[in-house]
Every structure is written in C-alpha cells, then in structure tokens.
Amino acid sequence: MAPYFLRNLVPRREKGVQQRPLFTVLATLTWIQWAHFWSGWLAWTCDAIDFFSVSLTVTQLADEFGKETSDITEAITLTLLLRSIGAVVFGIASDRYGRKWPLVLNMVIVSILQLGAGFVKTFSQFLAVRALFGIGMGGIWGMAASTALENLPVEVRGLASGVLQQGYAVGYLFAACINLRLVPETSTTWRSLFWTASGISMFAACVRAVLPESELFIRAKAVEKAQGLHRTTTEKTQIFLKETGAMLKKHWLLCIYAVLLMTGFNFLSHGSQDLYPTYLKKSKDFSDDDATVATIIGNCGAIAGGAFAGYFSQYLGRRLTIIIFLLLIGCFIPLWILPSSFSALSAGAFCIQFGVQGAWGVIPIQLAEMSPPAFRATFPGVAYQLGNMVSSASAQIEAVGGEHQRTTITHKNGVVENIPDYAKVQGILIGVVTAYVIIVTILGPENHGSHFEQHKPAFEEGAARDDAIIDEVVAPAQVGEKSGRDSVSMIEKSEEKREENV
C-alpha cells in the first residue's frame, strides 16, 4: 500500500459530498463578508506595489546613487530579511487584539515609510528606510489572509485563496503600469512611483478602518458576555502567552515544516520576478517599455493561474493542485529563458507565472488550514516571512551568478557586448527550487476543508487545543446573525477531529 502522505493527496470523497455548489454559496455572502475579503486583498496588493517599486526601478536607482545592480538588490534583501520581525509583532497583535486595528496601523506605517523612501538623497538613507519598511511589510500577509478567509464559508475558500494571493500579482501589475506611464512623465522619475504607492497604502488603511471587526472576535466577546466572564486586558494577555507556549510545544515540528515549505515558495516567486525586468533589459536587450510590458503579461498569467489553482484545489485537494502547477513550471522554463524575441519571451513569462503563482494561489488556504486554529495570523505570517528571510538573497544570488556566468549579445546596431547570463542562472535556480518544493509538498500535511472559523481565539483558555470550539449555541444568538458556516453538524466535527488526530 502507498504511504499515507501519497494516499492523502486527494481529499476524502465525503468532503466533496458535504460541500454546497460554489455559486450557491457565493449568492449567500453578505456585503460585510465581501468587504472583509476585498479589504484583505487590497492590503496584500499594496504590499506588492510597495515591494516591487524597487524591483522595477533597479536601473534608475543604480544611476541615481552611482551603484551596481548587485548593490541595489541589497535593498530587496534587507526588506525580505526584516519582514519576519513585522510578522511576529503584528501577527501576535492580530491574534491577541483582533484583525482590524493592527492591520490599519500596519498599513499606515507602510504608507509613511514608502513616502519617506521617495525623499531620500543618499544610498545609505535609502537602505535604512527600506530596512524599516521591511518590518512594516512583514505583518501584512498574515493579517490580510486571516481577515479575508476566516469570514467566508468553507466552500469558497479555495477560490478566494487564489484570488487573494494574486493581489500580489495585481500589485506588481499596478506598479508596472505606474512605472510605464507615470514615471517617464514626471521630473521626479522613480520617486513618483514610491509616492503613488504610499497613497494607495493609506487608502487601504482607511478602507479597513471603516469596516467592522472580524466575526470571530465579535462572537468571542458575545460568548464572554453571555457566560458572565469579565477578564481584564492583562489577564487575557497572560492567557494568550500561556496558550502560545502550549501551541509551540505541541506543534514545533509543524512550525519547522511550514518554514521549509515557505522557503521554497519564496525562492520560487522572488527568483522568477525580482530580477526579471533587469534580465530582459541586460540579457535580452529589451527597452524599458518592452521589459515593463513583458512583466505585465507575465503577471496576467499569474492572476489567471492563482484563480484557476485556488478553484481546483477545492476539489483536487491543496497539495495535489500545488504539485500539478509546479510540474507546469518545469515544462515552461525553456520558453522562459531560451528565446530572444519579445513575443516568445512574453509567452514564456505568462506560462511560468501561471505555474508559479498558480501554486502560490493555494498557499493562503493551505497554511490557514494547516495552522493551529487560534493562531491563524501569527503562524502563517511568521512561517511566510521566515521563508522570505531565508530566500532574501535570491535576487543577489542571481545578480552575482550572472556576473560570473557571462555570455555575449549582439545589439541592434551590430555591436557585440559581453553581458551577465541571467537566463542560465534563473533557469537553474527555478528548476532546482521547483524540484525541492514538489518534494516538501508531497511529504507535508493537509487539513482540507477545516472549519477553523469556529475555533476559540488565542486569548481564551484552552485555545492551544485543536478541538477548542466556541460555544455554538450562545455565540450566534448574541451576535444576532446566522450563516451556513456558524452551524456545523456533529458528523463534520467528528470528521475534523479524526483528521487532526491522523
């Protein structure tokens, strides 16, 4: 008989039987559920716009500060290195105090730092601002994902996960369009991209500020009131710290696995995106406009891949869907690096990002279902950003590798030039990383269809237990709402517990 981790690639048949049709469920969503989802999506989109402001302007920044490409990529590395700090700080705040105000504060900080980056005069100042910026950016993903997914019914979370994650690609797309049309028309050049990104982040903070708190925390407060519990803030914090310790003691191996998984995924995304515009301009002799347009086409593939993968993961299972899209990456690497024409390379960009971001589209829901239920902001966010930290040098690896792997190119005027061979370096890196992620994904756990929204928040006694469910009789009555996901049958509960025990 095949090992359990292989047999478990496809979800059990009864999972599909319990699910309602997707469009039926979508029709039942309230405007608040929609608003929570899109506010999380917008926050994550802003994260991408802010981050890729550097990737898209590497050449301009190098000219501005008189530096080499590998020096400018230090800013990318610093940002990725320090994001783990933000993930810990804001993740803990979100699980302890609620989803709303920690995310609002996070977006305001990011907006201010992005604005400041547009006013720097020296390279040292730029590095310092981007380092602080990394801390701010680190908290966004975990809070955005938990805000967007935990307020939705189980049946739509696969599709929602894919759409949510491709806020990242949409952010890249927005940044590329701003860089293509606005930046060349302004005297401040690259600085206008940073200032525009700052304004969009502040808008996202305002959107989240006018929406209510996540339903999970509203229900938890209703239960406390109904049961006559009046814990102080200090008491709740003490409980939170105790439950955090209990969770780490119980799930330390899962924590290590999640970091290993996210290390591979972050190498995959950053290795295929961060230096891509520079690769097109230096190795393929593309103009700035052509490189930007090819980047936009690639991100259209990313958006399509994320949506498709998220949808199919609801039926094929999370890990099997990830593996299928990873295999697509391997098939399209040659098309991504070998051609020299704009049309062929653009097609390669579309296909490679369809695979990369298709696999990524399943990650928000896979991590949310895999996580200890009470720590859905901290656990995924920290795992994601620790993976970012390990993979933070991906752009520098490619830049330095390109300097050592040289090739020649004949320009349109007939001049032959010796240039970095970024194509070979990127192809090798993405091929190796793809194989690594396939292996790690196959060996990992899956809790497909988890009803994590019913779990106690982290500041309640016993929250570290995987079966600590909010009182379902009291909570909905106090809130005055009833939805399909608030009432789960005993069969579904026993099914979840059986999966957790396995």
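Is Cys206 buried, partly exposed or exposed? Cys206 counts as partly exposed, because its relative accessibility is 45%. Here buried means under 20% relative accessible area, exposed means over 50%, and partly exposed lies in between (1.4 Å probe, protein chains only).

This is a predicted model: local features need pLDDT of at least 70, side-chain atom pairs count only at pLDDT 80 or more, and totals for chains, interfaces and linings use all residues. Residues are numbered from 1 along each chain as its sequence is written, and side-chain values use heavy atoms, with hydrogens and water left out.

**Cysteines**

Cys331 is exposed, at a relative accessible area of 56%. A disulfide is a covalent bond between the sulfur atoms of two cysteines. The structure holds zero disulfides, where the test is a pair of cysteine sulfur atoms within 2.5 Å.

**Two helices**

Helices are DSSP runs of H or I with at least four residues, strands are runs of E with at least two, and both are numbered from the N terminus. Helix 11 has 15 residues. From its first C-alpha to its last, helix 11 reaches 21 Å, close to the 21 Å expected at 1.5 Å a residue. The expected span is 1.5 Å times one less than the number of residues. Twelve of the 15 residues of helix 11 are buried, so this helix is largely enclosed by the rest of the structure. Among them are Gly167, Tyr168, Tyr172 and Leu180.

Helix 13 covers residues 215-226 and has twelve residues. Helix 13 reaches 16 Å from its first C-alpha to its last, close to the expected 16 Å. Its buried residues include Leu216, Phe217, Arg219 and Val223. An α-helix has 3.6 residues a turn, so residues three or four places apart point the same way.

**Positive phi angles**

Gly228 follows helix 13 and has a positive phi near 75°. Most residues other than glycine have a negative phi. Thr189 is not a glycine, yet its phi is positive, about 45°. Thr189 sits in the loop between helix 11 (167-181) and helix 12 (190-209). With a relative accessible area of 34%, Thr189 is partly exposed. Asp285 is not a glycine either, and its phi is positive at about 60°. Asp285 sits in the loop between helix 15 (276-283) and helix 16. At 25% relative accessibility, Asp285 is partly exposed.

**A hairpin**

Strand 1 (residues 406-410) pairs with strand 2 (residues 416-420) in the antiparallel sense, over five bridges. Two strands pair if DSSP finds at least two bridges between them. Thr407 stands opposite Ile419 in strand 2. Five residues lie between the strands of this hairpin, and Gly414 there takes a positive phi near 90°. In a regular strand the side chains alternate between the two faces of the sheet.

**Salt bridges**

A salt bridge is a side-chain nitrogen of Lys or Arg within 4 Å of a carboxyl oxygen of Asp or Glu. The count comes to 14 salt bridges. Three of these pairs are set out below.

| Pair | Closest N and O atoms |
|---|---|
| Arg99 and Glu150 | 3.0 Å |

What joins Asp95, Arg99, Glu150 and Arg376? Salt bridges that share partners make these residues one network. Both Arg99 and Glu150 are buried.

Asp466 lies in the loop between helix 22 (422-443) and helix 23 (474-479), and Lys250 lies in helix 14 (residues 233-273), so the pair ties together parts that are 216 residues apart in sequence. Asp466 is buried, with a relative accessible area of 15%.

**A nonpolar patch**

Phe308, Tyr311, Phe312, Tyr315, Leu316 and Ile324 make a nonpolar surface patch of about 520 Å². Patches are made of residues with over 30% relative accessible area and no salt bridge: like charges are joined within 9 Å, nonpolar side chains (Val, Leu, Ile, Met, Phe, Trp, Tyr) within 5 Å. Accessible areas come from the Shrake-Rupley method with a 1.4 Å probe, and for residues only the protein chains shown count as cover. Helix 16 (residues 288-316) gives the largest share of the patch, five residues. Leu316 is found in helix 16. Leu316 is partly exposed, at a relative accessible area of 34%.
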